[in-house]
Amino acid sequence: LNRRLAEFGTTIFAEMSALAVRTGSINLGQGFPDTDGPEEVREAAVRALRDGRGNQYPPGPGVPELRTAIAAHQRDRYGLDHDPDTEVLVTAGATEAIAASLLALVEPGDEVIALEPYYDSYAACIAMAGGTRVPVTLRPRDGAYVLDLDELRDAVTDRTRVILLNTPHNPTGTVLTRAELAAVAELAVERDLLVVTDEVYEHLVFDGEHTPIATFPGMRERTVTIGSAGKTFSFTGWKVGWVTAAAPLVTAVRSAKQFLTYVSSGPFQYAVAEALALPPSYFDGLREDLRAKRDLLGSGLAAAGFEVYRPAGTYFVTTDIRPLGESDGFAFCRALPERCGVVAIPNAVFYDHRDAGAPFVRFAFCKRVDVLEEAVSRLKGLA
Ligand code: PMP
Ligand code: GLN
């Protein structure tokens, strides 16, 4: 393994999901739903497969039906206009979109600012691009994790190329406000930076609202927006994601993508095109279902003795384990399956400042109600 990747080892998600299988534990670690998405969307994939749509290499940028549907989604929800032919790129999940964006836009030695705790692939992709990651830490304050705009401003140097945003934010559940986004946008314009923004949880916002940073003045031409069907339609195994941006940025990202996967899986693209056209009631229903689950798991964890950071979005809840007399999230998560048959993720893996993340543990609530209830009852045995 080369020096760029050596520090990363195996992702925590693979390690913890394997631990869940090995111990027969309830897996609240890796974020994937335990119920598949809408039947009609699955049927759309079956139809595409049967009708021979997408069974051979689809076009590199993605099938036109999906690019059109993505452009319509961005326009109808956010008023963002993108040409489906030149400003939309379909990728193999958001994971590839992140990788291709960083590989395309970062020069060796460039600095990339990422909000810490950061989703694990960011660090690895910045490293593969030869960049230097500069974490700006979200701080726990009044029951939520907050971005310190002064810290962000201070982190920008002459070598900064990209601010890598993630809102709604994994693992903290923070949803950046319009005021915060406006400040980030002003900074990006003032310092002539690109923003790569991971918005895969855009439809999972319970408090406040999701606003794409691309909608702010001066941002359309410097923002790469990343989305994914995995979270929105509960088909994480399909690996259909996308990038929307101004044409020169999409062209750049496509240059990298073509040598990573060339194209993404064909039949699923047709199905996701249909999924994006589902009525608003689908998106509302998904959000309300997850809101109830957030509240169920959040109050269960609080009753079990955890300090709970109530997430405004995503399907994760971050907790502090210190009220339980614990301080090392890694040790806690490795022991949890034995102690009570539940798997969670230690937030420390998402930090450069590992000490800052040490006592925090993330639980996923994108699971059936009976599964969450059983997990809560097991966790209550901890105290
Ligand atoms: N970004 C974030 C913040 C995520 O949590 C995830 C994981 N679901 C991804 C990207 C990857 O998304 P995909 O499964 O579409 O590759
Ligand atoms: N995004 C999911 C999570 O944060 C996991 C995706 C993965 O395993 N790479 O749990």
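The following legends describe close-up views of a predicted model.

**View 1. Pairing of strand E15 with E12 and E14.** Strand E12, formed by residues 316-320, pairs with E15 in the antiparallel sense over 5 bridges. Within this pairing, threonine 319 has valine 361 of E15 as its bridge partner. Strand E14, residues 345-346, also runs antiparallel to E15 and is joined to E15 by 2 bridges. Here isoleucine 345 stands opposite arginine 362 of E15.

**View 2. Packing of helices H12 and H15.** Helix H12 comprises residues 280-303 and helix H15 residues 369-379. Their axes come within 9 Å and cross at roughly 10°; an angle under 35 degrees counts as roughly parallel, and H12 and H15 are therefore described in this way. H12 contributes Lys293, Leu296, Leu297, Gly300 and Leu301 to the contact, and H15 contributes Val369, Leu372, Val376 and Leu379. By class, the residues of this contact comprise 7 nonpolar, 1 polar and 1 charged.

**View 3. Threonine 251 in helix H10.** Threonine 251 belongs to helix H10, which covers residues 247-260. This threonine counts as partly exposed because 15 C-beta neighbours lie inside 10 Å. Tyrosine 262 is 11 residues apart from threonine 251 along the chain, and the C-alpha atoms of the two are separated by 14 Å.

Technical notes. Residues numbered from 1 in each chain as written. Chains lettered and ligands numbered in written order. Predicted model: local features only at pLDDT ≥ 70, side-chain atom pairs only at ≥ 80, totals over all residues. Pairing = 2+ DSSP bridges. Helix = DSSP H or I, 4+ residues; strand = E, 2+ residues; numbered from the N terminus. Buried ≥ 20, exposed ≤ 12 C-beta atoms within 10 Å, placed from the backbone. Axes fitted to C-alpha atoms, helices over the stretch in contact; angles between N-to-C directions. Parallel < 35°, antiparallel > 145°, perpendicular 65-115°, else oblique. Contact = placed C-beta atoms within 7 Å. Nonpolar A, V, L, I, M, F, W, Y, C, P; charged D, E, K, R; others polar.
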